[in-house]
Amino acid sequence: MQHYRIALLPGDGIGHDVIAEGVETLQLLAELHGGFQLELEAFDWSCTYYLKHNRMMPADALKTLEEFDAIYLGAVGFPTVRDHVSLWGMLLPIRQAFDLYVNQRPIRLLPGIEGPLRGRGTQDINFICIRENTEGEYAGVGGRLRQGEPDEVALQTSVYTRRATERIIRYAFDLARREGRRKVTSATKSNAQQYGMVLWDEIHAAVATDYTDIATEKWHVDALAARFVTHPQTFDVVVGSNLFGDILTDLGGALQGSLGLPPSANFHPDPATRRGPALFEPVHGSAPDIAGKGIANPIAAIWSAQLMLDYLGERAAAIALMRAIETVTGQGQVRTPDLGGQATTNQIGNAIRGTLRDQLKRS
Ligand code: GGG
C-alpha cells in the first residue's frame, strides 16, 4: 500500500472553503480505492498568521515542507496584508526554493459548461499552458530608491537565464509529444523586450529543431491573448514566461467559464534533481469578497487534487476523480453562483463525492 504525506496550506479567504472539499474528496478516494493511504497535516500559514507573527510562515517552513510528498495549497492573500508581502512571504519562495519550475495549467471547457465564447464547445477549448515558474518577471530582483520622494525610482528586473528558459520550453515540447499534442505555441514579446525575450525566442527556435514531429509557432503575447479568444481551437500546448503564463491562464480560466474551475500543478519533473515536494493549487486567489460565505466553486481545488493524484502515480484514482468532476458539470444540476447557480461549495463537493461512490461501486 502506498503512503503519501501531504502538507495542507489552505492559506487565506476561500482557500479554506475549497481545500476542505478537496481534502474530503481525497480521503474518500483513498478509502474507496484502497491502494493508497494519505497522511494529511495542516498548517495555518496565511495572512492571519502574519498578523500574529509578522511573517507568513515560520523561518523553518521550507525545511518542514521538504519532508512531504506534496503540498496542497488554497490561496494566498487578504486585504489585511499587502499583496506583495503575502505572495513573497509564502507562495513564491516555495516555488523558488524547491525549484518547481513547471507550472502546468490545463485550459479545458468542461462538459455542460457554457463558456463566454459563442459557438465554442469542449473540442474547441482544450489545451495546456506551461508557465515558467522560477524567474522571469517574478525573479524578485529590483529595489526602490528615495522612497516617498518626488524623484523616487523603482526597478523591477526580469531575469531570463538560458538554463531555465531552455528547460521550460523543452518540457513543453516533451509534454506535447507525450500527450499526442501536435503543436507548441510560444508566448513572446521580443519586439519590445529586446534582450530577455529575444533570448527566449532564440532558445525556442533552437529547441524546436529537436522536435521536428511537433509543429511550433510564436506570438507576441498581446496578439496571443486576442487569439485565445478568437482562435482557441488552434492551441495544444502554450509555453510562456512567469508573468505571461500567469496572465494568460487567468484569461484561460475565463474561457473555461469561471476562475473557479482551472487547476494548477507546480513541480520539478526530474526525480533525480528534485529539491522538494510538488505543489498543487487552484489558479484562483483568495476572493475576499466571498470568503466564508460557503459559495466558492471548489472545482479548481478538487481538480488540483486530481492533478496531485496523477503526479503521485495514482492514475486510476485520478481518472476516476476527473470522470466524477466531468459528470457533475455535465449534469448541470448543481452550480455555484460563479456559474449562474445557487449551490454551495459543500453541495458541489458532495455531488462529486456522490458520483465517485456510484462510479466506484459499479466498477
Ligand atoms: N491559488 C493560489 C493563489 O493565491 N493564487 C493567486 C495569485 O495571485 N497567484 C500568483 C501566482 O500564481 O503567481
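The sections below describe the basis of the model, the ligand site and the cavities.

## Basis

This is a predicted model, in which local features need pLDDT of at least 70, side-chain atom pairs count only at pLDDT 80 or more, and totals for chains, interfaces and linings use all residues. Residues are numbered from 1 along each chain as its sequence is written, and side-chain values use heavy atoms, with hydrogens and water left out.

## Ligand shell

The shell around the ligand holds 15 residues, of which Val76, Arg131, Glu281, Pro282 and His284 come nearest (near: a heavy atom within 4 Å). By class, seven are nonpolar, three polar and five charged. Strands E3 (70-75) and E12 (278-282) each supply at least two shell residues; E3 gives the most, with three (strands: DSSP runs of at least two residues, numbered from the N terminus).

## Polar contacts and cover

A polar backbone atom of Pro282 lies 2.7 Å from a ligand nitrogen, a backbone N or O atom of Gly74 lies 2.9 Å from one, and a side-chain N or O atom of Glu281 lies 3.1 Å from one. The protein covers 86% of the 360 Å² of accessible area that the ligand has on its own (Shrake-Rupley method, 1.4 Å probe).

## Cavities

There are three cavities of 30 Å³ or more (sets of points on a 1 Å grid where a 1.4 Å probe fits but cannot get out). The largest cavity contains about 40 Å³ of space. Its lining (residues with an atom within 4 Å of a point) comprises five nonpolar, three polar and one charged residue, among them Ile113, Asn297 and Arg335.

Notes: A polar contact is a pair of N or O atoms within 3.5 Å; within protein, one must be able to donate a hydrogen and the other to accept it, and residues adjacent in sequence count only if both atoms are side-chain atoms. Helices (H or I, at least four residues) and strands (E, at least two) are DSSP runs, numbered from the N terminus. Ala, Val, Leu, Ile, Met, Phe, Trp, Tyr, Cys and Pro count as nonpolar, Asp, Glu, Lys and Arg as charged, and the others, Gly among them, as polar. On a 1 Å grid over the protein atoms alone, a cavity is a set of points where a 1.4 Å probe fits but cannot get out, and a pocket is an open set with protein on both sides within 12 Å along at least five of seven lines; lining residues have an atom within 4 Å of a point. Grid points are joined across faces, edges and corners, and a volume is the space filled by probe spheres set on the points.
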